[in-house]
Amino acid sequence: MELIKKNISAVQARIEACMADAGRDHNSLQLLAVSKTRSEKYIQSAFANGLNAFGENYLQEAVNKIQALESLAAEWHFIGPLQSNKTKPVAENFSWVHAVDRIKIAKRLNDQRPENLRPLNICLQINIDNEPSKSGVAPNEAIDLALAVSELPNLCLRGLMAIPMARQDIDSQRQPFRALRLLKEDINQQLDKSQKLDTLSMGMSGDIEAAILEGATILRVGTDIFGPRTEKVDNKEI
Ligand SMILES: *Cc1c(COP(=O)(O)O)cnc(C)c1O
C-alpha cells in the first residue's frame, strides 16, 4: 500500500504542475479515483492518503464495496454504462452518475432517487468522436437531452463526460476535450442561469494533461493511482 501513497503523490504532482501551467486554481479540479476491480483495502489506502471520491463501473461489485465501506466518508460515482433495468441500486447508492446517454435512464434514476437523498448529480456521456460502437449521445443530440434531463427534479444535471478515442500526442488528445468544452458552452447558452453546467468529466491516466489544459473539472484516474488492472472483469453484469 506504500505504492498507492507514492502513486497518489506522483499523480498529484503532475496535476499541480499542469494546473499551474494552465493558470488554473487547483480547487477547480477533483481527482476521482477509479477503483473498479480493486479490493476494499486499496480504497481504504487511497482514502487514508487524501482521496475521498471513488469511481466504479460494475454495479454489484460497487454496491458490495459501498456497503462494506459505509463508515468511510467517501463519495461514490457510477461511471460505467448503465442499463435501464439496473438503475435502482445506482439511484440509491451513488452521488454521481457519469454516463447517462438517454432520457429513459435519466427518468428512471429520477423516479428511483430516494426522497431523503440530495438530487443525484448527472453527467451526460457524449460520443465525442462519433464512434459507431461507443456509447454516449451524439454531440448534435446533446442539447435536446440536456434540456430534457434538466427538467427532472431529483436529478442535478452537472455536465458532460467523454471517453475519446486513444490518441498519442498531447495536441491530438486535446481536440476531443476541446470539443466537449465547447459543447458544454453551447448547452449553457440554452439553460437557465441556475442550471448552468459546471462539470467536464474528462481525462484518464493516459491523457491527464490534455484534459486539464482543456478545462477538465473531474479527472477519472485508475491505473496511475492503483497500478495496472490485472483482474479480468466480468462484463456480463452491466
Ligand atoms: C476504467 C475507467 C477509467 C480509468 O482509466 P485508467 O486508464 O485506469 O485511468 C476512467 N473512466 C472510465 C469510464 C473507466 O471505465
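Predicted model: local features only at pLDDT ≥ 70, side-chain atom pairs only at ≥ 80, totals over all residues.
View 1. An oxygen atom of the ligand is placed 2.7 Å from an N or O atom in the side chain of Asn57. For Ser205, the corresponding separation between a side-chain N or O atom and an oxygen atom of the ligand is 2.5 Å. Arg229 also takes part, with a polar side-chain atom lying 2.8 Å from a ligand oxygen atom. In total, 13 residues surround the ligand. The closest are Lys36, Asn57, Ser205, Thr223 and Arg229.

**View 2. Crossing of helices H6 and H7.** Helix H6 spans residues 142-149 and helix H7 spans residues 170-190. Their axes come within 10 Å and cross at roughly 50 degrees. Because of this angle, H6 is oblique to H7. The crossing in which H6 passes H7 is right-handed.

**View 3. Residues at the contact of H6 with H7.** On the H6 side, the contact is formed by Ala142, Ile143, Ala146 and Leu147. These residues meet Leu183, Asp186, Ile187 and Gln190 of H7. Classified by residue type, the contact of H6 with H7 comprises 6 nonpolar, 1 polar and 1 charged residues.

View 4. A polar atom of the Gln112 side chain lies 3.1 Å from the backbone nitrogen of Lys88. When residues up to four places away in sequence are not counted, Gln112 touches Thr87, Lys88, Ala91 and Glu92.

Note on methods: Residues numbered from 1 in each chain as written. Heavy atoms only, no water. Axes fitted to C-alpha atoms, helices over the stretch in contact; angles between N-to-C directions. Helix = DSSP H or I, 4+ residues; strand = E, 2+ residues; numbered from the N terminus. Parallel < 35°, antiparallel > 145°, perpendicular 65-115°, else oblique. Left-handed = near helix turned anticlockwise from the far one by under 90°. Contact = heavy atoms within 4.5 Å. Nonpolar A, V, L, I, M, F, W, Y, C, P; charged D, E, K, R; others polar. Near = heavy atom within 4 Å. Polar contact = N/O pair within 3.5 Å; in protein donor to acceptor, adjacent residues only side chain to side chain.
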